[in-house]
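Here is a brief report on one stretch of a model.

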Amino acid sequence: MKMPSFGGSRSKKPKSSERKSKIQKPLARWHPGMRQLLDWAVTVGSVLLCLMMLPTRFPGMELLGIGPNWLLIWVVAWSVKRTVWEGVVAGVVLGLLQDAMTSPNPTHAITLGLVGLLTGLIQKQRFIQEDFISIALIVFVMAILAETIFGLQLTVMGDRKAEYIWGYYQRVALASAILSSLWAPVIYYPLNSWWQKMKLFEQS
């Protein structure tokens with residue numbers, strides 16, 4: 001009776017590392033300008049994807065008629081490892097893009113700009129670890145804050161009664177925060193791994 005050999009399972013391990021090196025080597029051989037262009041293409045493409053997903057309601061992505069705030073998740077993912085200025089600029093630009101799809105009054109540029117500012121201000125080395133709970137918690141808090149500021153803008157405009165605004169936005173803020181925090185890893189981890197890889201190429 002022949003004993004089954006386990007040599008095949010051992011030979012599989014180097015193959016995974018070989019595949020990774022095959023993927024990384026072509027990018028390393030690229031001209032730095034081409035890598036930078038590819039990096040910007042991925043970044044801009046992810047923003048456009050988030051914009052297209054805003055009005056979309058897939059099964060499991062809706063709570064009380066509210067979906068995840070994909071642009072807020074993107075701003076948190078961008079700002080969590082960058083300077084305050086970069087976070088603010090990204091938040092304002094994405095807020096203006098969202099205003100172009102909805103309405104400029106009240107504006108989302110203020111809310112997302114503040115999200116980028118606060119995320120950039122966080123002392124990440126001391127208080128944040130790169131895990132699901134930390135990123136989800138940041139997105140949850142920022143979603144509550146963003147909806148609160150948006151409600152304040154509506155109150156200042158005076159077009160509607162304050163009781164109606166805050167009664168409605170309490171439900172909106174909670175639903176948006178829950179869904180956005182649950183779906184945050186879908187945006188954060190792929191983009192974060194890509195940006196880290198591009199940063200390593202720049203340093204090498």
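## N-terminal cap of α5

Threonine 107 caps the N-terminal end of α5, with a side-chain oxygen 3.0 Å from the backbone nitrogen of alanine 109. Helices are DSSP runs of H or I with at least four residues, numbered from the N terminus.

This is a predicted model: local features need pLDDT of at least 70, side-chain atom pairs count only at pLDDT 80 or more, and totals for chains, interfaces and linings use all residues. Residues are numbered from 1 along each chain as its sequence is written, and side-chain values use heavy atoms, with hydrogens and water left out.

## Aspartate 99

Aspartate 99 sits in helix α4. It is buried, at a relative accessible area of 6%; buried means under 20% (1.4 Å probe, protein chains only). Its side chain makes a polar contact with the side chain of threonine 107 at 2.4 Å. The aspartate 99 side chain also reaches the backbone nitrogen of histidine 108 at 2.8 Å. A polar contact is a pair of N or O atoms within 3.5 Å, one able to donate a hydrogen and the other to accept it within protein; residues adjacent in sequence count only if both atoms are side-chain atoms.

## Packing of α5 on α7

Helix α5 (residues 108–121) packs against α7 (residues 132–157) at about 145°, with axes 9 Å apart. Axes are lines fitted to C-alpha atoms over the stretch in contact, and angles run from 0 to 180 degrees between N-to-C directions. Contact residues (heavy atoms within 4.5 Å) include Leu114 and Leu118 of α5 and Met142 and Leu145 of α7.

How values were computed: Helix = DSSP H or I, 4+ residues; strand = E, 2+ residues; numbered from the N terminus. Buried < 20%, exposed > 50% of the residue type's maximum accessible area, 1.4 Å probe, protein only.
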